[in-house]
Amino acid sequence: MNLLTSTFWVSLAGALVLLFLKKEDHHAIRRTAALAGFICLSLTLATYVRYDLSLGGMQFVLKRSWIPEFGIDFHVGVDGISLPLILLTGFIFFTGVLIAWNIEDRPKEFFILFLTLVAGVFGVFVSLNLFLLFIFYELAVLPMYLLIGVWGSTRKEYGAMKLTLYLLVGSALIFIGMLALYFESGIQSFDLTKLSEVDFPMPFQKIVFPLIFIGFGVLGGLWPLHTWSPVGHVAAPTSVSMLHAGVLMKLGAYGCFRVAMVLLPEGAAFWLPWIAMLATVNIVYGSMIAMVQRDFKFVIGYSSVSHMGFVLLGLASMDPVGVSGAVLQMFSHGIMTGLFFAIVGRMVYDRT
């Protein structure tokens, strides 16, 4: 256990405690979820403060053998890219619980799914093993179907199903790319630090890079695979919309960089013009569509697609300044959309 592993273990522990609470005891359920959120926020703040900026690089590293015959380890750590994103997750997690405080329809099940989803998000941002990252990625995506389909509004069944189908297709592409990396590397390991040292052949990189990039890009709102996102934003309950736009879309962009661009740099350079073009379409198309919407949530949903275009364009620069700008945009967009959905959902929709 260290600061990093404590974040997702606390989230999972909170969900486990909720399982044993009586469903009628709404106060205990809400307080347990809020306590888990507060502890996670405190842990992320402590991690952020204790990170040594002068040293940089990967810190708070913990590695334990899990399934050694397949090169699968419990390997976690944080660097300057993932550090602000876990801090962002801590903020959105805690405030999302507070925004969902007055949910009366099965709050026990709602908060169990909410805490499980957050545990997956924390796990993705700190994983240094590709297999572990994929497990946490699925843990972060799958609860969205129930959270939207049960507690959502405005064509919630359609929004939940569309979101799930799109993201499962993206996950299938990621899984294929992950296995290709494993077998082509010849090192029999899923460790990201080891895979980053492998010099994959250029033909292999050209084929596998778009699989992984598009697979993660679906969650990042990459045009034209973005249409699930605004619909999902509108259908989701307020706190889930905050988590969806504030954090989940960042998982996609993070995976595009951490897996596709870092492990397959020559493939990234080859596809760079196309990535930049799609990101530019994201920016222009998303903003123009947002301007003609008559629903506040659709405005935020399409503007999020536009803003994620700036993130993808920064990553496509393959330059330290561009990547730093992309991370800054991910953090600022997460805070901004979290506040927007809190205002629109809680202050306008619910009260109206």
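Are Asp79 and Arg258 buried or exposed? Asp79 is buried, and Arg258 is buried too, where buried means under 20% relative accessible area, exposed over 50%, and partly exposed in between (1.4 Å probe, protein chains only). Before we go on, please note that this is a predicted model, in which local features need pLDDT of at least 70 and side-chain atom pairs count only at pLDDT 80 or more, while totals for chains, interfaces and linings use all residues. Residues are numbered from 1 along each chain as its sequence is written, and side-chain values use heavy atoms, with hydrogens and water left out.

Let us stay with that opening pair. The side chains of Asp79 and Arg258 meet in a salt bridge (2.8 Å, N to O); the term stands for a side-chain nitrogen of Lys or Arg within 4 Å of a carboxyl oxygen of Asp or Glu. Asp79 sits in the loop between strand 2 and helix 3 (82–99), and Arg258 in helix 11, 179 residues apart. Helices (H or I, at least four residues) and strands (E, at least two) are DSSP runs, numbered from the N terminus.

A search of the whole structure finds three salt bridges. Lys63 and Asp73 form one of them (3.9 Å, N to O), linking strand 1 (residues 59–67) with strand 2 (residues 72–78). Lys63 also meets Asp191 in a salt bridge (3.3 Å, N to O). Because Lys63 lies in strand 1 and Asp191 in the loop between helix 7 and helix 8, this pair ties together parts that are 128 residues apart in sequence. Lys63 is partly exposed, at 37% relative accessible area, whereas Asp73 is buried at 12% and Asp191 is buried at 0%.

Now turn to helix 10 (228–235). Eight of its eight residues are buried, so helix 10 is largely enclosed by the rest of the structure. The cover over these buried residues includes helix 6, helix 7, helix 9, helix 11 (238–263), helix 13 and helix 14. One of the buried residues of helix 10 is His233. His233 is in contact (heavy atoms within 4.5 Å) with Ser304. Ser304 lies in helix 13 and is buried, with a relative accessible area of 0%. Leaving aside neighbours within four places in sequence, Ser304 also touches Ala245, Met249, His333 and Thr337.

Next, look at helix 6 and helix 7. They pack at an angle of about 170 degrees, with their axes 8 Å apart; axes are lines fitted to C-alpha atoms, for helices over the stretch in contact, and angles run from 0 to 180 degrees between N-to-C directions. Helix 6 and helix 7 are therefore roughly antiparallel to each other, a label for angles over 145 degrees.

Finally, some backbone details. Most residues other than glycine have a negative phi, and most peptide bonds are trans. Gln188, however, has a positive phi of about 50 degrees, and its place is the loop between helix 7 and helix 8 (192–195). Met318 has a positive phi of about 50 degrees as well, and lies in the loop between helix 13 (296–316) and helix 14 (320–350). A cis peptide bond joins Trp223 and Pro224, with omega about 5 degrees.

How values were computed. Parallel < 35°, antiparallel > 145°, perpendicular 65-115°, else oblique.
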